[in-house]
Amino acid sequence: MDGDMEDDAPLELPSVPVSRVVPSEVLNPKLLGSVVKLFVTKAEPNYCMPWQVKPQRQSTSSAFVVSGRRLITNAHCVFCETSVRARRRGSPKKFTAKVITINQQSDLAMLTVEDNSFWDNLEELDFDQVPELQENVVVAGYPAGGDSISVTKGVVSRVDLRDYGHGSFLLTIQIDAAINAGNSGGPAFNKNDKVVGVARAHLKNAQNIGYIIPLPVIKHFIATFDKYQEQHQGLCGIGFRVQYAENDHLRAKLRMRAEHTGVLVTTVSKTGPEHGVLEVGDVVMEADGVKIADDGTIPFRGSSWSEERISFLHQFNHKDRGDAVNLEILRQGQVTPIQYEAGMIPALVPSMHGYDCRPSYFVCGGLVFVPLTTRFLTDYYGSEWRRRCPAELLHVLWRGFRERVDEQCVVLCHLLVADVNFGYKFHTAAVLKAFNDQPILSLPSLVKLVTECSAEYMEFKLEDGSQIVLSTDAARKSEAEILKQHNIPSAMSPDISHGLSAAQHSAANGDASQ
């Protein structure tokens, strides 16, 4: 979730007033019967202490019925669940539910209930297109402040792209209906009793500003699961960065004529599908036939230049893996069409637990190393990590793209004080630059270097120029005692040890075959 968004509701909270409550007769009672309450127990990983999990916690949220005996809710409602129960409106029974797919980038999850009796007389809800501005919508769900269903009415006040977290900027509908904790995952209906979105969050420190996920995002989520049947989903992204081309001097240098509009490419990822096709200095003028303005916007839903406009990123957001991306660019004054296939963009600082990151770690001489992830930053520095973490970590985050597919930024996050490391001071997380003058490419590469080290000393050089030097023999002899003192089960996380064993086995087989 974004830093300014409210999460799902704890089971017991003080009453939260719900604004503009309207009678349930506004909607067909059968439709309200298709909105269910979820009771979720979670055990989230601890990226700050990767060998532990956080204390178990419970929350409630909402979900609704769609085709195929499935329920739709928000990803953040069921993230890291250990137990999910679904309760129908007016029923005291809680049914066991199972998460069948989740996409943290679009904040959507799909569940099912195996008990056939749960589905008796439940009506599948139909979807409708993105509503117009000032159109009335009704949000149904189970917010804090009561146990029964709640219905609130609001007006569509804005349609725009918004940060969903995890590097995704997707279409969002802003409404003035109250979306309180627990409402997340519930449907938003239009005047035709069709679902136009999924309630997601409300803006902190503001009244009656709520956000719902619209049909294009929901449709892509469902279609992706139907096609790939993957438990964890991701979104195709763009592997380049741009700046606006509004300045006259910049336009002149780029040889843009009066009729030319577009955005200037400033960076191209070496691990993205655009590599070798798009170049720094190109001006992207059109995407799939849609003209991009100098401020990076495109017309929305067929509107003219003077009406609704949204970011050009919308043209890329719903591409599937392997879909053709057709761009018209200006390169050295010449208009040129180019094409490439859409694909996933590996993030240098990943954020989606279970999809592109996991709580990995390595302990050596009381030094604890982890890959840099936004999950780590949140657990280490708190929800305000963007203000609290060192600039060098933010610099890695802003860089964004990997140089190699397996690249990781390795961070020294803890110093478990022992005789072997006495005298070193440690105040905050720091980027590890090199080990014995060998650059660090990833956490597995560090483990390999340390494991194979035959030098008398181990030298860990940090990004700020400081260094930690340990006796190789002393560091290895101290390992068991340090792990025991801190109740750490192993010197490295299972994913690292398994990878190391596989690499050693492969090397041994290679030597034997020669």
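**Basis and terms**

Contact means heavy atoms within 4.5 Å. The structure is a predicted model, in which local features need pLDDT of at least 70 and side-chain atom pairs count only at pLDDT 80 or more, while totals for chains, interfaces and linings use all residues. Residues are numbered from 1 along each chain as its sequence is written, and side-chain values use heavy atoms, with hydrogens and water left out.

**Helix 7**

Helices (H or I, at least four residues) and strands (E, at least two) are DSSP runs numbered from the N terminus. In helix 7 (residues 391-399), the buried residues are Leu393, Leu394 and Val396; buried denotes under 20% relative accessible area, exposed over 50%, and partly exposed in between (1.4 Å probe, protein chains only). Viewed down the helix axis, these residues fall within an arc of 155°, so they line one face of helix 7; the arc is that of the directions from the helix axis to the C-beta atoms.

The cover over the buried residues includes helix 5 (374-381), helix 6 (385-388), strand 24 (410-415) and strand 25 (430-435). Ala391, His395 and Trp398 are exposed on the other side.

**Aromatic pairs**

Rings of Phe, Tyr and Trp (its six-membered ring) pair if their centres lie within 6.5 Å; planes under 30 degrees apart count as stacked, over 60 as edge-to-face and the rest as tilted. Ten such pairs are found in the whole structure. One of them, Trp51 with Tyr361, is edge-to-face, at 5.3 Å centre to centre and 70° between the planes. Trp51 and Tyr361 are 310 residues apart. Trp51 is buried, with a relative accessible area of 16%, and Tyr361 is buried at 3%.
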